[in-house]
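Trainee: I'd like a close look at one part of this model, the surroundings of the ligand. Could you walk me through them in one go?

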Amino acid sequence: MNIILLGPPGAGKGTQAQKLVESRNMMQLSTGDMLRAARTSGTEMGQKVAAIMDAGELVTDEIVIGLIEEKLSTAQSDGFIFDGFPRTLPQADALGKLLEAMGMGLNAVIELQVDDGALVKRVENRAAEAAAAGQPVRADDNAESLKTRLMEYYKKTAPLIGYYYARGELQSVDGMREIETVSSDINAILDRVS
Ligand code: AMP
């Protein structure tokens, strides 16, 4: 079973993906995590994308499609959770083609709906919690970058809602509620589509 978690920064995609990894033995494919790993290991690509990520802009389709293609060709799993990918229409087309070439498809695209005001608070909380725990704070978890990330989301990623709706694949979940409540809604959807 393959699913996409769609939603603005701070909607809870990573948190919900993690819960599915634990409860359903699925594999989380987060392009954000892959890009951060490339930066940490200091690859040429990692260095190239660092400033773009810190500013809250999107890196090129070519780079993220390449990362997903590479992962899909080597990873073994009963189900993939695409978290933070696709973020543009060309990425969505590319994912469809990649899955088709591998004899797979998408079972559901789950949109987490969260108010803008709550997103700012959530991202601020994430930064404060990381700092309090002595963990590194994401360079893009600040007011300035978040503004750009939200603009990028509405301009380039939100059109995917219509794209997947038209294909009959979109399922929307109210992401404003408790983590466990959102999670049980997602599980109910997955039970229906599996
Ligand atoms: P995330 O961890 O998903 O919030 O991603 C952090 C940053 O990585 C984003 O703000 C972008 O700069 C970059 N990024 C992650 N995924 C993508 C994607 N699918 N397309 C373009 N840029 C991405």
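**The ligand and its surroundings**

Mentor: An N or O atom in the side chain of R36 sits 2.9 Å from an oxygen atom of the ligand. Keep in mind that this is a predicted model, in which local features need pLDDT of at least 70 and side-chain atom pairs count only at pLDDT 80 or more, while totals for chains, interfaces and linings use all residues. Residues are numbered from 1 along each chain as its sequence is written, and side-chain values use heavy atoms, with hydrogens and water left out.

The backbone takes part too: a backbone N or O atom of V59 is 3.2 Å from a nitrogen atom of the ligand, and a polar backbone atom of G84 is 2.9 Å from a ligand nitrogen atom. On its own the ligand has 480 Å² of accessible area, and the protein covers 96% of that. These areas come from the Shrake-Rupley method with a 1.4 Å probe; for residues, only the protein chains shown count as cover. There are 16 residues around the ligand, and T31, R36, E57, G84 and R87 come nearest; a residue is near if one of its heavy atoms lies within 4 Å.

Let's stay with T31 for a moment. T31 belongs to helix α2, residues 31-40; helices (H or I, at least four residues) and strands (E, at least two) are DSSP runs numbered from the N terminus. Is T31 buried or exposed? T31 counts as buried because its relative accessible area is 2%, where buried means under 20%, exposed over 50% and partly exposed in between (1.4 Å probe, protein chains only). A polar atom of the T31 side chain lies 3.1 Å from the backbone oxygen of G84. That is a polar contact, a pair of N or O atoms within 3.5 Å; within protein, one must be able to donate a hydrogen and the other to accept it, and residues adjacent in sequence count only if both atoms are side-chain atoms. Leaving out residues up to four places away in sequence, T31 touches V64, I68, D83, G84, F85 and R87, with contact meaning heavy atoms within 4.5 Å.

P86 sits in the loop between β3 (80-83) and α5 (89-101).

Which residues of α5 are buried? They are Q91, A92, A94, L95, L98 and L99. Seen down the helix axis, these buried residues fall within an arc of 165°, so they line one face of α5; the arc is that of the directions from the axis to the C-beta atoms. The cover over them includes β1, α4 (61-74), β3 and α8 (159-166). K97, E100 and A101, on the other side of α5, are exposed. Just after α5, G103 takes a positive phi of about 75°.
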